[in-house]
Amino acid sequence: MEQRDFGNTGLRVSVLGLGAGQIGDGTLSEDHAGTLLNRAIDRGITLVDTARGYGLSEERIGRHLAYRRHDFILSSKGGYSVDGAEDWTPQAIRLGIEQALTRLRCDWIDIFHLHSCPADTLRRDDLLGALDDARTAGLIRVAAYSGENEALAWAIQSGRFGSIETSVNLADQFSRRQLLPAATESGMGVIAKRPIANAAWRFHERPVGDYAETYWDRLRTLNIDTIRQNAGLDWFDLALRFTAYAPGVHSAIVGTANIQNLERNIDLVQQGPLPLDVLTHIEAAWTQHGLEWGGEV
């Protein structure tokens, strides 16, 4: 699988990353979780992305991948829900990283994100100082921010972060168009989340309560289905290749607990970028309809 320099961080990551949120589902068996995690690494995925709030995800990554820690880049997130600390305090950063390392059964986290906190919180010197201290101590290698809009814009221009994680997909291009050029100019690593737009196309009617409503509306407004059909592509092919090869993106993370879906995603990204005429039609649709849309939260 294609491996890319992760900005100027010194890390290298695969074009497709594994979003490990679904690995944290307690109904998933340990054997299945272990098989999927190891299959991902065996197939060339070198970025595994998790978070404090993803159920059993960190514990399972530690249980099943600690023995091959040098084979992949580990990304996690925090700042909240830490035993012994109030949310969004230096203690929550320090203790959160220490507790995560225990769950992950390792000595360092390659990329540690402040997880979708508002801009006012993100600007606090005490939190930024706690991240600097963790990096100096070798507990993390890259301080990062995961989020959208105003807070993401500040994180990029602040000079305090080495990488970001943000939504980039067919229906969510605010960051790609408005913010990623500055991140690229600054040498930041970029992880694209929600690369398949929460598969909003699978609903025949507007969904309710499935985190796909906004994307469903936008895909219909942009008439992406017509572009897809004219290109002879299925939805996953169109969506994943669009994001994985979007300018400024180093890795697109897709969450799955299904081994067949994992294999499909790997096969899709290995086909390379979408044809230029398809990209031209998508860009034209956005120019006509989408520039005023902000990023998803």
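Student: In the crossing where helix 3 passes helix 5, what is the handedness?

Tutor: This is a predicted model, in which local features need pLDDT of at least 70 and side-chain atom pairs count only at pLDDT 80 or more, while totals for chains, interfaces and linings use all residues. Residues are numbered from 1 along each chain as its sequence is written, and side-chain values use heavy atoms, with hydrogens and water left out. Helices (H or I, at least four residues) and strands (E, at least two) are DSSP runs numbered from the N terminus. A crossing is left-handed if the near helix is turned anticlockwise from the far one by less than a right angle, and right-handed if clockwise; where helix 3 passes helix 5, the crossing is right-handed.

Student: Are helix 3 and helix 5 roughly parallel or roughly antiparallel to each other?

Tutor: The axes of helix 3 (residues 90-104) and helix 5 come within 8 Å and cross at roughly 25°. Axes are lines fitted to C-alpha atoms, for helices over the stretch in contact, with angles from 0 to 180 degrees between N-to-C directions. Angles under 35 degrees count as roughly parallel, over 145 as roughly antiparallel, 65 to 115 as roughly perpendicular and the rest as oblique. Helix 3 and helix 5 are therefore roughly parallel.

Student: Which residues of helix 3 and helix 5 make the contact?

Tutor: Contact means heavy atoms within 4.5 Å. Helix 5 contributes Asp126, Leu127, Ala130, Leu131 and Ala134, and helix 3 contributes Pro90, Ile93 and Ile97.

Student: At what angle do helix 2 and helix 3 pack?

Tutor: The axes of helix 2 (residues 57-65) and helix 3 are 7 Å apart. Glu58, Glu59, Ile61 and Gly62 of helix 2 meet Ala100, Arg103 and Leu104 of helix 3 in the contact. The two helices are therefore oblique to each other, and their packing angle is about 45°.

Student: How many aromatic pairs does the structure hold?

Tutor: Rings of Phe, Tyr and Trp (its six-membered ring) pair if their centres lie within 6.5 Å; planes under 30 degrees apart count as stacked, over 60 as edge-to-face and the rest as tilted. The number of aromatic pairs in the structure is 3.

Student: How many residues apart are Trp201 and Trp235?

Tutor: Trp201 and Trp235 form a stacked pair, 5.0 Å centre to centre with 5° between the planes. Trp201 lies in the loop between strand 9 (189-193) and helix 8 (213-222), and Trp235 in helix 10 (residues 235-244). The pair links distant parts of the chain, and its members are separated in residues by 34.

Student: Over the face of which residue does Arg264 lie?

Tutor: A charge sits over a ring if NZ of Lys or CZ of Arg is within 6 Å of the ring centre and within 35 degrees of the ring normal. Arg4 lies over the face of Tyr245, at 5.1 Å from the ring centre. Arg264, at 3.7 Å from the ring centre, lies over the face of Phe236.

Student: What is the relative accessibility of Asn198?

Tutor: Asn198 is placed in the loop between strand 9 and helix 8. Asn198 has a positive phi of about 55° although it is not a glycine. Asn198 counts as partly exposed because its relative accessibility is 26%.

Key
Buried means under 20% relative accessible area, exposed over 50%, partly exposed in between (1.4 Å probe, protein chains only).
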